[in-house]
Amino acid sequence: MTARPRVPVTADEHRQAMRHLATGVAVLTTCHDGLPHAMTLNTVLSVSTRPPTLLVSLGTQSRTHGILHSADCYTVNILASDQRHLAERFAAKRPMGMSQFEGVAWQPSPITGNPVLPDALLAIDCRIGQRIPVADHTLFVGDVLGVTPARTGVPPLVFACGGYETEGR
């Protein structure tokens, strides 16, 4: 077998390849200066069960990056298949703070005070243990403080091939 010269993969090639990797959809929430903030993300990774550790990845150019970088904790709300509207809402460019949540039911986590979406499949509260810069992202490694189950019997919302996969689609 003859080795071919290595050709760097472009950002577009990488993005197109990753479109085929199905991921769960979550809304990350945190509080800063007494105001709640949220963003949709699909880069959530269970790092370890001993101790329970959860990682989220945010682009350094995202509006929530600076807020999370100065926060002590975050909450990951795992969305159900019937919550596409929430994924789209918190992915949209909206004013930050309370106006992001206008018309959306939520309650403060008893553990962190971060917004918990009561109809989500579950919410995972984490204390940020590490912030690891990688290229144009930061990996926020969180020590899991608690899991709040909210719903059962509903499949999760999934993102693949540039769109949301919901039950019946």
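User: What covers the buried residues of H3?

Analyst: First, the terms. Helices (H or I, at least four residues) and strands (E, at least two) are DSSP runs, numbered from the N terminus. Buried means under 20% relative accessible area, exposed means over 50%, and partly exposed lies in between (1.4 Å probe, protein chains only). Now the case here. The cover over the buried residues of H3 includes strand E2 (26-32), strand E3 (35-41) and E12. This is a predicted model: local features need pLDDT of at least 70, side-chain atom pairs count only at pLDDT 80 or more, and totals for chains, interfaces and linings use all residues. Residues are numbered from 1 along each chain as its sequence is written, and side-chain values use heavy atoms, with hydrogens and water left out.

User: Which residues of H3 are buried?

Analyst: They are Leu86, Ala87, Arg89 and Phe90. Seen down the axis of H3, these buried residues fall within an arc of 165°, so they line one face of the helix. That arc is taken from the directions from the helix axis to the C-beta atoms. The face turned away from the buried side of H3 carries the exposed residues His85 and Ala91.

User: How many aromatic pairs are there in the whole structure?

Analyst: Start with the rule. Rings of Phe, Tyr and Trp (its six-membered ring) pair if their centres lie within 6.5 Å; planes under 30 degrees apart count as stacked, over 60 as edge-to-face and the rest as tilted. A search of the whole structure finds three such pairs. In one of them, the rings of phenylalanine 90 and phenylalanine 101 have centres 5.3 Å apart and planes at 50°, so the pair is tilted. Phenylalanine 90 lies in helix H3 (residues 84-91) and phenylalanine 101 in the loop between H3 and strand E7 (107-108), so the pair ties together parts that are eleven residues apart in sequence. The rings of phenylalanine 101 and tryptophan 106 have centres 5.4 Å apart and planes at 45°, so this pair is tilted. Ring pairs link Phe90, Phe101 and Trp106 into a cluster.

User: Is tryptophan 106 buried, exposed or partly exposed, and what is its relative accessible area?

Analyst: Tryptophan 106 is partly exposed, at 28%. Phenylalanine 101 has 3% relative accessibility, so it counts as buried.

User: How do I read strand pairing? Which strand does E9 form a hairpin with?

Analyst: Two strands pair if DSSP finds at least two bridges between them. E9 forms a hairpin with E10, with two residues between them. In the turn, alanine 135 has a positive phi of about 50°. E9 and strand E10 (residues 137-149) are antiparallel, with twelve bridges. Proline 133 has threonine 138 in E10 as its bridge partner. E6 is joined to strand E9 (residues 122-134) by six bridges, again running antiparallel. There, threonine 75 is bridged to aspartate 125 in E9.

User: What is the strand order in the open sheet of three strands?

Analyst: The order is E1-E11-E12, with antiparallel pairing. Strand E1 (23-24) and E12 stand at the edges with a single partner strand each, so one side of each is left without a neighbour in the sheet. Three bridges join strand E11 (residues 158-160) to E12. One partner pair is valine 158 with glutamate 165 in E12.

User: Where is confidence lowest and highest in the protein chain?

Analyst: pLDDT is the predictor's confidence in each residue, from 0 to 100. Confidence is lowest in strand E12 (residues 163-165), at a mean of 78, and highest in strand E6 (residues 73-78), at 98. The protein chain averages 90, and 96% of the residues score at least 70.

Terms used
Contact means heavy atoms within 4.5 Å.
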